[in-house]
Number of protein chains: 2
Amino acid sequence: MKEKKSFKKIEATLNVMVSASKKASTVLGQLDSAKKDKVLRGVACELKRKTQTLIRENKKDLIQAKKDGLSSAMIDRLMLNKKRINDMAEGILHVAGMKDPIGALVKSWKRPNGLKMSRVTVSLGVILIIYESRPNVTVECATLGFKSSNAVILRGGRESYHSNKALVAIFETILKKNKLPLACVNLVPTTDRRAVDYLLKKDKEINLVIPRGGEKLIEKVVRLSRIPVVKHYKGVCHVYVDQFANLKKALAIALNAKLQRPGVCNAMEALLVHKKVAARFLPMLGEAMEKEGCVLKADKFSIKYLPQAVSAKDCDWGREFLDKVLAVKTVSSIEEAVKHIAQFGSGHTEAIMTENKEAAAIFKQCVDASSVMVNASTRFADGFEYGFGAEIGISTDKIHARGPMGLEGLTSYKYIVEGTGQIRT
Amino acid sequence: MKEKKSFKKIEATLNVMVSASKKASTVLGQLDSAKKDKVLRGVACELKRKTQTLIRENKKDLIQAKKDGLSSAMIDRLMLNKKRINDMAEGILHVAGMKDPIGALVKSWKRPNGLKMSRVTVSLGVILIIYESRPNVTVECATLGFKSSNAVILRGGRESYHSNKALVAIFETILKKNKLPLACVNLVPTTDRRAVDYLLKKDKEINLVIPRGGEKLIEKVVRLSRIPVVKHYKGVCHVYVDQFANLKKALAIALNAKLQRPGVCNAMEALLVHKKVAARFLPMLGEAMEKEGCVLKADKFSIKYLPQAVSAKDCDWGREFLDKVLAVKTVSSIEEAVKHIAQFGSGHTEAIMTENKEAAAIFKQCVDASSVMVNASTRFADGFEYGFGAEIGISTDKIHARGPMGLEGLTSYKYIVEGTGQIRT
């Protein structure tokens, strides 16, 4: 009963925040580029100036995290220091220097009746972003949201609550100084889990939800949300080494795709190799992967060439290991590779290694994934690497945005129709 | 209990349909343009050939509709005759003649590390379309879905079940003849209302839901769906007659926007007029609207010039009359007009009548609607009028697609990354 009553109070606070965000988004929609960039540069400057405050607030989170027994990897992700704060400031300045994604003319045309048509980019409105413990995500999302004229409601992990509060306070200082509504950048003012469930029903005020986290978080959000959700389910990326592959290149790419950062979504989880090159390629792969401490799980045919490997189980195909573990399978044709990817891939990123144009063309055409690569590492599937200058997330969905999402993914458009008195007959 | 058991059986049928659709969408994704257009021309031809069968099946629906006491307007919408069937066939041929929206290069660029990037359009996959009684919508949706390489699951009104079944059978005949999966075009094989609720949870197989119908239908779909929904809530369109308007043009446009088809979403529901021109404009408007049998609901100031009008109530602002009823209000400035529209508009279509460039610029910039018009009738907000050649619906949302949606709205994209062995460092 008491809990119920206390949530009523939180509800009231959330309602105020959501309405204020919607109002702020209208102001943001009209803001000119120069003003937006001035604010962002101000935030970057203030961030550096407040380094000590930030480190002090961050310490509160670190102390709690140690008490709660978080892993040292988690604690490292949570930690702010001078270098990381400087990097955040640099990131903001980089975004400030980018082209304004709002107000851009996408295309224009004329109708036979003389109507002049144009399609112009506009902001989405209010975006709710739900993420886990890294505090730099708070700054990234607030920056990209502001640059794209969207109000953001940020819900970081409870582990980083004090750090996030201090970071958002810096945005607030600069917003106030520039006479802009503080509700341009909002932090959900509670760690109560029910707050998110409540916000996910606010489809009249919030235009988009971006959950950045594990599969379970995203599934929960999809289940509860009435607001459109940018989905990023899994990254089960394959590298297919074709019979016409340059095996030296293929080996370098396999090592890079698996090992450069095994815990991220664009790392390779399974390698498919054409039977005709298996005898030459797999021993090299086995040796190199073993040297790097990578466990190989091989199918019946490929295990002959991989003395280091264990037998793959059925559940290893389509599995996101996020670790130094790789499934290896031989295939008899490119068609079999494409079929395997269709069945077990997650639509994130798939790569072929081949020097044969026809094989490359088949793969590019037939593989249904947000990124399809030819002779390049899956690790390139990333907004920065694609030249978007920034990344708010990667969509494994096909609606609104697919693949790495930069500022463009945070925009919508409107049609402008200019006439001289035309009526419809 | 019995009902529960019988729905288990329906569930099984729906599961088969959904899986088959997903498989069919993969085949469709690889189909070349010529083959797609050949199939569509075949359907157009078969449609004409089967005119008598269609009229016979349609009669079953008409008889039931009369028994159920449907209004004569509803019965007219439901009715198929030779002319309407010919029009459908013409519509299909028109779409067959359009450019393939799939496989188009949207843009390409090169990265400093030599990676060649391109963004290419792809189909969405499986689309569920829920609509009401007009059978021609069945043909439109199946045609646009097929042209854009998407499998469609159609759920028409129960009133037109026999007609829809006969129309889908024509697609099936031609699909079979062309050795394509019948599941490219599916009709939900039951009028049981629970079928839709069940399908809306199939977010692993269905990529998008397009409900075409009233606000209640859309709200229900949004509440129940785990699949992204194209929302078309309401069309509360305003025409603002600025102090710098050409009043003769403004009158013609007001009449057209209100009366050409009062029951549709892009009809004007409220007229705002600048005080400075009210005394000249409103008497003309009142007289002309009265002659056409249109009821005027006026605010305190404008009623002075509109002896025909009744007093507007608070609930008349933002109301979708869908009838020969118009709310009229005077405003003191363009800012007041913009503010009124922000409060009461539905984000569909808003128009300004003005000969002043600055006023037009303010309106275009500040009004947040899918279509913003200058000196043109709101009735133009339509995929055909915009030159899209076809329309699957109009989105009042900002996610994925906004405003009239043609074939382009039924596509997604993928990134193709072509390298020469690049790895990420």
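I began with a pair of residues in chain B and noted that B:I127 stands opposite B:L208 in strand 6 of chain B. Before going further I wrote down that this is a predicted model, in which local features need pLDDT of at least 70, side-chain atom pairs count only at pLDDT 80 or more, and totals for chains, interfaces and linings use all residues. Residues are numbered from 1 along each chain as its sequence is written, while chains are lettered from A and ligands numbered from 1 in the order in which they are written.

**The sheet in chain B**

I then looked up the strands around that pair, taking helices (H or I, at least four residues) and strands (E, at least two) as DSSP runs numbered from the N terminus. Strand 3 (residues 126–131) of chain B pairs with strand 6 of chain B in the parallel sense over 5 bridges, where pairing requires that DSSP finds at least two bridges between two strands. In chain B I found an open sheet of 4 strands, in the order 5-4-3-6 and with parallel pairing. From one strand to the next the twist averages 20°.

Angles run from 0 to 180 degrees between N-to-C directions, with axes as lines fitted to C-alpha atoms, for helices over the stretch in contact. Helix 6 (residues 136–147) of chain B lies across strand 3, strand 4 (151–155), strand 5 and strand 6 of chain B, and runs at about 165° to strand 4 of chain B. Helix 7 (residues 161–177) of chain B lies across strand 4 and strand 5 of chain B, at about 155° to strand 5 of chain B.

**Strand 3 in chain A**

For burial I used the count of other C-beta atoms, placed from the backbone, within 10 Å of a residue's own: 20 or more is buried, 12 or fewer is exposed, and in between is partly exposed. Strand 3 (residues 126–131) of chain A is mostly covered, with 6 of its 6 residues buried. A:V126, A:L128 and A:I130 point one way from this strand, and A:I127, A:I129 and A:Y131 point the other way. Strand 3 of chain A runs parallel to strand 4 (residues 151–155) of chain A, joined to it by 5 bridges, and A:I127 stands opposite A:V152 there.

Which residues of helix 13 (residues 357–366) of chain A are buried? I found A:A359, A:A360 and A:F363 buried, and because they cover an arc of only 100° around the axis, taken from the directions to their C-beta atoms, they are on the same side of helix 13 of chain A. On the other side, A:K357, A:E358 and A:A361 are exposed. The cover over the buried residues includes helix 12 (334–344), strand 12 (349–353) and strand 13 (371–376) of chain A.

In helix 1 (residues 2–30) of chain A I looked up A:E11, which counts as partly exposed because it has 13 C-beta neighbours inside 10 Å.

Methods: Two residues are in contact if their C-beta atoms, placed from the backbone, lie within 7 Å.
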